[in-house]
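Hi,

Here is the structure I said I'd pass along.

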Amino acid sequence: MKREMNKSNYTKKFNPKLGWLGFCGLLGFTGLWSYSRYNMIFPFCFFAFFGFFAFFFEGKMQNVLKDEMYIENETKSQLKAYKVGFIISGIMVFICTQSYLYMNNNDILLIILVIAISVDMALVIILNKFFLYKFEKIE
Amino acid sequence: MGEFRCELKKYRILMNMTQEQLAAKVGVRRETIMRLEKAQYNPSLKLAIDISRVVSVPVEEIFIFLNNDILS
């Protein structure tokens with residue numbers, strides 16, 4: 001009855017200090033410079049790098065057996081994080097489309113949308129691991 | 001999902017097993033057994049049956065569902 005405990009049944013091992021890469025998200029502010037100088041909006045996407053902060057939470061759950069309770073908690077946390085992400089992105093799209101009626105500057109709207117979606121992505125990644133950590137550690 | 005009472009701790013102690021030993025036998029973590037004993041986690045059918053085989057007690061005597069409307 002003892003189930004095989006392969007290495008693949010365990011969560012991966014990595015250095016939680018990778019979480020400090022989250023500060024790369026600050027590179028998103030280079031978009032202000034690139035837009036004013038070269039009309040380039042792309043650097044605003046770097047705000048998504050804030051998602052690396054999720055490694056701090058994921059690092060606390062290294063080498064854990066992925067049993068049925070872990071898989072259930074993982075699914076629950078993903079669902080909760082995606083729900084928050086969809087609501088935020090829906091609100092931002094709504095605000096931007098409504099603002100389009102009153103603003104003549106499409107560039108500003110595009111920048112706001114890019115920032116919002118990038119930050120939203122980072123938030124979803126962080127919340128996913130945060131909720132998983134919270135569900136796993138409830139006493 | 002119905003609320004239930006879990007008598008696993010009683011039967012586990014009768015078998016002279018720690019949570020860790022029971023968890024290893026059924027292929028889950030000690031934390032899973034701990035949550036089961038506190039009735040904070042609803043196990044899958046397979047896990048419930050595996051546990052009942054290890055402790056040699058029927059499933060319905062380990063996991064006792066409260067407000068069992070189907071019988072009323």
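**Helix packing in chain A**

Helix α3 (residues 68–100) of chain A packs against helix α4 (residues 106–137) of chain A at an angle of about 160°, and their axes lie 8 Å apart. Axes here are lines fitted to C-alpha atoms, for helices over the stretch in contact, and angles run from 0 to 180 degrees between N-to-C directions. That makes α3(A) and α4(A) roughly antiparallel to each other (the label for angles over 145 degrees). In the contact of α3(A) with α4(A), the residues split into 20 nonpolar, 8 polar and 5 charged (Asp, Glu, Lys and Arg count as charged; Ala, Val, Leu, Ile, Met, Phe, Trp, Tyr, Cys and Pro as nonpolar; the others, Gly among them, as polar).

Before you read too much into this: it's a predicted model, where local features need pLDDT of at least 70 and side-chain atom pairs count only at pLDDT 80 or more, while totals for chains, interfaces and linings use all residues. Residues are numbered from 1 along each chain as its sequence is written, chains are lettered from A and ligands numbered from 1 in the order in which they are written, and side-chain values use heavy atoms, with hydrogens and water left out.

**Chain B**

Chain B has 5 helices and 2 strands, running β-α-α-α-α-α-β from the N terminus (DSSP runs: helices are H or I, at least four residues; strands are E, at least two). Its C-alpha atoms fill a box of roughly 40 × 20 × 20 Å along the principal axes. Of the 72 residues in chain B, 44% count as buried (under 20% relative accessible area, 1.4 Å probe, protein chains only).

Cheers

How values were computed
Angles under 35 degrees count as roughly parallel, over 145 as roughly antiparallel, 65 to 115 as roughly perpendicular and the rest as oblique. Buried means under 20% relative accessible area, exposed over 50%, partly exposed in between (1.4 Å probe, protein chains only).
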